[in-house]
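These are my notebook entries on a single chain. I ask the reader to keep the sequence and the structure in view.

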Amino acid sequence: DDTFLINNGAYYCSELIYELFMDPHDSTSLFELAPMTFKNANSDSFNTAWVDYYAQLKTQIPEGLPGINPGLIANSDNLEVIHQPVNQ
């Protein structure tokens, strides 16, 4: 899913994980969606790379729309990270 949009018939990496953990009975997921941002940190301007990327796609940047990313998944309270020693 080149546009990173939820529920548009295509999947980006984190969206696929989100959907895989969807409860079929009540349509909730183990993970939560959050408003996406494509702006520079501590700024109200879009990152130039995203401006160019979405211009090539001929679509608007989906700023503020719900989405999910690897960081949201990794930081979810619903996951427990188990560290195992590496055999050397």
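Which backbone oxygen does the side chain of Ser-29 reach? I found that it is the backbone oxygen of Tyr-18, at 2.9 Å. I counted a polar contact as a pair of N or O atoms within 3.5 Å; within protein, one must be able to donate a hydrogen and the other to accept it, and residues adjacent in sequence count only if both atoms are side-chain atoms.

I noted that this is a predicted model, in which local features need pLDDT of at least 70 and side-chain atom pairs count only at pLDDT 80 or more, whereas totals for chains, interfaces and linings use all residues. Residues are numbered from 1 along each chain as its sequence is written, and side-chain values use heavy atoms, with hydrogens and water left out.

**Ser-29.** I located Ser-29 in strand E2 (residues 28–29). Helices (H or I, at least four residues) and strands (E, at least two) are DSSP runs, numbered from the N terminus. Ser-29 counts as buried because its relative accessibility is 17%; buried means under 20% relative accessible area, exposed over 50%, and partly exposed in between (1.4 Å probe, protein chains only). Leaving out residues up to four places away in sequence, I listed Tyr-18, Phe-21 and Met-22 as touching Ser-29 (contact means heavy atoms within 4.5 Å).

**Core.** I looked up the largest nonpolar core, a set of ten residues that includes Tyr-18, Phe-31, Ile-68 and Ile-73. Such a core consists of buried Ala, Val, Leu, Ile, Met, Phe, Trp, Tyr and Cys residues joined through side-chain atoms within 4.5 Å.

**Helix H2.** Asn-47 caps the N-terminal end of helix H2 (residues 48–57), with a side-chain oxygen 2.8 Å from the backbone nitrogen of Ala-49. Just after H2, I recorded a positive phi of about 60° at Lys-58. This residue lies in the loop between H2 and strand E4 (66–67). Lys-58 counts as exposed because its relative accessible area is 76%.

**Phe-4.** Most residues other than glycine have a negative phi. Phe-4 lies in the segment before helix H1 (13–20). At 24% relative accessibility, Phe-4 counts as partly exposed.
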